[in-house]
Amino acid sequence: MPDRPSPRPAALRRIPLAIAAVLIGAAVGSAVVYGIGGLKRHASGDSACRPAVDLAQKLAPLAHGEVAALTMATAPLRLPDLAFEDAEGKPKKLSDWRGRTVLVNLWATWCVPCRKEMPALEGLQTQLGGPDFEVVAVNIDTRDPEKPKNFLKDANLTRLGYYSDQKAKVFQDLKGIGRALGMPTSVLVDGQGCEIATIAGPAEWASDDAVKLIKAAMKPVAAGL
């Protein structure tokens with residue numbers, strides 16, 4: 001009878017495959033662990049924004065009535081350094097308002113709720129605008145640059161500064177961090193550029209409810225904290 005082929009070479013061939021499988025499994029496991037760790041690190045946010053979260057929780061009882069739709073910050077989040085232009089076409093960035101509490105608002109003339117909200121933003125700026133607070137309303141009309149200017153003029157809205165971004169990148173930047181789901185969008189930001197609260201949709205910003213909340217948000221800035 002012919003000799004049987006020895007099983008030894010086949011077994012030996014399987015050893016490198018088994019080793020490779022173990023190594024691949026270890027690599028995948030490491031990647032998963034690293035990925036989870038990365039997500040946890042990302043979720044922790046910017047530690048410098050922790051005071052804004054603490055402030056948001058203190059302000060939460062004031063988010064009622066006309067500002068009940070505000071979503072208070074629950075995790076540290078520094079906003080992107082939003083870039084836009086002023087009325088003279090000069091470049092501006094959100095960081096230009098460091099040290100001040102800011103209500104960033106995105107609006108457009110094609111947005112009916114935005115147009116209805118503008119007088120309330122004007123009223124808030126009239127009441128509280130100053131060295132510690134400003135309404136920064138950024139227009140994102142992408143076609144006729146004169147249309148939003150004429151709208152403000154015709155509505156006699158003279159206390160709001162005019163800021164614009166004809167590429168609407170500010171909307172995309174906020175959308176990228178989940179803070180612009182529609183129009184109008186407003187984000188209350190502390191003096192370090194950190195989120196205190198966000199609202200999707202209009203609000204009666206000149207109401208007693210809104211003014212009381214904004215005043216409370218301004219206290220750390222006024223105290224130099």
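Is Cys114 buried or exposed? In this predicted model, Cys114 is buried, and its relative accessible area is 0%.

The whole structure holds two disulfides. Cys49 and Cys194 form a disulfide with an S to S distance of 2.1 Å. The link of Cys49 and Cys194 is left-handed, with -70° about the S-S bond. This pair connects distant parts of the chain, 145 residues apart. Cys49 sits in the loop between helix H1 (8-44) and helix H2 (50-59). Cys194 sits in the loop between strand S7 (185-189) and strand S8 (195-200). Cys49 is buried, at 0% relative accessible area. Cys194 is buried as well, with a value of 0%. With the bonded cysteines numbered in sequence order, the pairing reads 1-4, 2-3.

Attention turns next to charged side chains. Side chains of opposite charge can pair when their charged atoms come close. The model contains five salt bridges. One of them joins Arg100 and Glu134, at 3.3 Å from N to O. Arg100 lies in the loop between strand S3 (91-93) and strand S4 (101-107), while Glu134 belongs to strand S5 (residues 133-139). The pair therefore ties together parts that are 34 residues apart in sequence. Arg100 is partly exposed, with a relative accessible area of 22%. Glu134 is buried, at 11%.

Another salt bridge links the side chains of Lys169 and Asp173, with an N to O distance of 3.0 Å. Both residues belong to helix H5 (residues 169-176). They are four residues apart there, so about one helical turn separates them. Lys92 and Asp96 also form a salt bridge, at 4.0 Å from N to O. Lys92 is partly exposed, with 24% relative accessible area. Asp96 is partly exposed too, at 44%.

Asp141 presents another case. This residue lies in the loop between S5 and helix H4 (146-154). Which side chain of opposite charge is nearest to Asp141? That side chain is Lys147, 5.5 Å away. A salt bridge requires a nitrogen-to-oxygen distance within 4 Å. Asp141 has no salt bridge, although Asp141 is buried. A polar contact of 2.4 Å does join its side chain to that of Thr109. Beyond residues up to four places away in sequence, Asp141 touches several others, including Ala108, Trp110, Asp165 and Gln166. Lys147 and Pro148 are also among the residues touched.

Pro148 leads on to helix H4. The buried residues of H4 are Pro148, Phe151 and Leu152. Seen down the helix axis, these buried residues fall within an arc of 95°, so they line one face of H4. They pack against S4, helix H3 (112-128) and S5. On the other side of H4, Lys153 and Asp154 are exposed.

Just after H4, Asn156 adopts a positive phi of about 60°. This is a positive value in a residue other than glycine. Asn156 lies in the loop between H4 and strand S6 (163-164). Asn156 is exposed, with a relative accessible area of 56%. Ala168 also has a positive phi, near 60°, and is likewise a residue other than glycine. Ala168 is found in the loop between S6 and H5.

The peptide bond between Met183 and Pro184 is cis. Its omega is about -5°. Pro184 belongs to the loop between H5 and S7.

Notes. Residues numbered from 1 in each chain as written. Predicted model: local features only at pLDDT ≥ 70, side-chain atom pairs only at ≥ 80, totals over all residues. Heavy atoms only, no water. Buried < 20%, exposed > 50% of the residue type's maximum accessible area, 1.4 Å probe, protein only. Helix = DSSP H or I, 4+ residues; strand = E, 2+ residues; numbered from the N terminus. Lys, Arg positive; Asp, Glu negative; His and termini not counted. Polar contact = N/O pair within 3.5 Å; in protein donor to acceptor, adjacent residues only side chain to side chain. Contact = heavy atoms within 4.5 Å. Disulfide = S-S within 2.5 Å. Arc of directions from axis to C-beta.
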